[in-house]
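Hi everyone, thanks for coming. Let's take a short walk through one model together, and do stop me if a term is new.

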Amino acid sequence: MILSLAPEWAVHYKEFWETVKTRNLWFIRLRYLAVVLLVGYILTTHLLLGFRYTNEQFVILFGSSFFLLGYNLMFDKIWGKTEAMSGGFNVLHFSLLQMIQDLLTLFVIVYYTGGPESPVRMMFIFHMIIGSLILPGRVIYSLAILLILAFSGISFGEYFDLIAHQNVSGYKSEPLHNNFNFVILNTVIFAAIVLTSVFIANGIAVQLYKLEQQLLTSFDKLKKSEEEKEKYIMAVVHELKTPLTAVMSYLNIVTGKILGEIPHEPLERLERAQIRTREAIDMINDVLHVSRMRLFGQMNLQILNMHELVESSVDKFFDTAIAKGVELNYINDLSRETTLEGDPFLLTLVFTNLISNGIKYTPHSGAVIVRAYRISKEIRVEVIDSGIGIPKQDIDKIFEDFYRASNIKGKGYEGAGIGLSIVKQIVETHNGRIQLESPSGFGDQKHPGTKFTVIFPLKNF
Ligand code: ADP
C-alpha cells in the first residue's frame, strides 16, 4: 500500500488535488528554466567573473544540467498520467518524487560549487518554499530537517576533513570551509531560514486551501438554497393552477349552456374570460415544464420532425419582424425526414428565444437570418442578426442566470436575462451544444451583430 500523503481535510477535496496537479506542472516548467540558469551560471561565473573550476567540477556540473533536463523530460511525460485524487500513486507522490530528486541534484551542485561556501546554496530555500506550497506540513518539515542535517553533514564533514572540499577560487579572498565561526554561523542561519520559510509558506498555503474550500462550501449552499427557492416557486405556481382550473370548468359549464341559455352579450364576455383563463393555465404549465427540466432534468421526449419544428418556430415571428421593420430571412435545408428525439415544447422554446432576441436586439431596417441544415451527423440551426452585438467581455458570462450584456444598460430593452441560460440548459439536456459569435460577420461597425449556433448530434438515427 502506498503511504497517503494528503492531510485529512484534503482527502475528499477535489480542488486540492487539481491545484497540486497544476503546481506540479509549474515545477516542471521551472525546471527547464533551472537547466538554462545552471548552464548560464557556470559559464558566466567562469568566463565573466573568473571563477576557476577543476575539470572534475566542470564535468559534474554540466553533467548535472543534462541529468536535470533528462529527468525533467521524463517528468513532463508522466505529468499527464498522474491522478488528481487520493489513493494509488497520485499527484502528491509525484510532487514528493520531484522534490527529492531536485534536492539530491541540488546537493551535488552545491557540493561541487564550494559546499558550505557555495553561492548556489540559497536555492535550497527557494526549493523548500515551493515544496511548502504543495506538500503537507509533516512531509515538508521532515524534508526540511533532512536537508538541514545533510547540509550540516557536508559543512562539518569538510571542516573536519572527513570529506574533500571542492574549492572554487575567484570569489573569496580566503577559504571559509575550515573557519569554525563561519561553519557554525552559516549552518545555524541556513537552518533558521529553511525552517522559517517552510513555516510561513506552508501556513499561508494551508490557509489559502481552507479559504478556497470554505468558499466552495458556501457556493454549494447558495446553489442548494436557490434550488429550494425554485422548488418553492414551482409549488406556488402549481397551487395557482387549482383555482384557475376550477374557474375554467365553471366557465365551460356556463358557456356550454349546460345551465340554460344566456344572452349574447354576457356570453361573449364569458368566452373572452375563458380564453384568458386558458392562457393563464397554459402559461403555468409552461413555467412548470421548464422548472421540471431545470430542477430534475425531466422531459417529454418524442421523435420530432426538425424541419417542421424550426419552421413553426420561425412562423411565429414574421408579424413581429414586420412590425419592427426588421427583415426576417429563413433558409431550411433540413430534409423533411430529419428527426431528433426531444421535447417539442422545450426545443421550440430554444428557437423562439433566439429568434425573439435577434429581433429585439436588432434595430429598424436590420435583418435576422435563421438557417437550418445538416452537416455530417449533426443538425445545426443558426440565428444570425445584424443587431447591437454582444461585447467581448460579456460573452463568457452571457449564458448565466440573470446576466445581461453591458451594452444594453439604460437603453430600454426589456428582459430579465434568464432566457439564454434556459436555452443553454435545454440544448445541453438534449446532448447538444450552443455556440456564440459576435460580431456575426453579418453586421457593420456600429451594429456588429450576433450569431448563435445550436448543434444537436444525430447519433441515435
Ligand atoms: P433578456 O431577457 O435580457 O433578453 P436573455 O437571457 O435572452 O435575456 O439574454 C441575455 C443577454 O444577452 C441580453 O440581456 C442581451 O444583453 C444579450 N443578448 C442575447 N441575445 C442577443 C442578441 N441577439 N444580440 C445582442 N445581445 C443579445
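Which element supplies the largest share of the shell around the ligand? It is α10, with three residues. Before we go on, this is a predicted model, where local features need pLDDT of at least 70 and side-chain atom pairs count only at pLDDT 80 or more, while totals for chains, interfaces and linings use all residues. Residues are numbered from 1 along each chain as its sequence is written, and side-chain values use heavy atoms, leaving out hydrogens and water.

Back to the ligand. Around it are 21 residues, and N357, Y361, D385, R404 and L420 come nearest; a residue counts as near if one of its heavy atoms lies within 4 Å. Both α10 (344–360) and α12 (419–429) give at least two residues to this shell. Helices here are DSSP runs of H or I with at least four residues, strands are E runs of at least two, and both are numbered from the N terminus. By class, the shell has eleven nonpolar, seven polar and three charged residues. Nonpolar means Ala, Val, Leu, Ile, Met, Phe, Trp, Tyr, Cys and Pro; charged means Asp, Glu, Lys and Arg; the others, Gly among them, are polar.

Now look at the backbone. A polar backbone atom of A405 is 2.9 Å from an oxygen atom of the ligand, and for a backbone N or O atom of G417 the distance to a ligand oxygen is 3.2 Å. Such a polar contact is a pair of N or O atoms within 3.5 Å. Taken alone, the ligand exposes 520 Å², and the protein buries 97% of that (Shrake-Rupley method, 1.4 Å probe).

Next, salt bridges: a side-chain nitrogen of Lys or Arg within 4 Å of a carboxyl oxygen of Asp or Glu. The whole structure has 14 of them. In one, K172 pairs with E117, their closest N and O atoms 3.2 Å apart. K172 is in the loop between α5 and α6 and E117 in the loop between α3 and α4, so the pair ties together parts 55 residues apart in sequence.

Finally, two backbone details. Most residues other than glycine have a negative phi, and most peptide bonds are trans. S365, not a glycine, has a positive phi of about 70°, and the peptide bond from S438 to P439 is cis.

Technical notes. A polar contact is a pair of N or O atoms within 3.5 Å; within protein, one must be able to donate a hydrogen and the other to accept it, and residues adjacent in sequence count only if both atoms are side-chain atoms.
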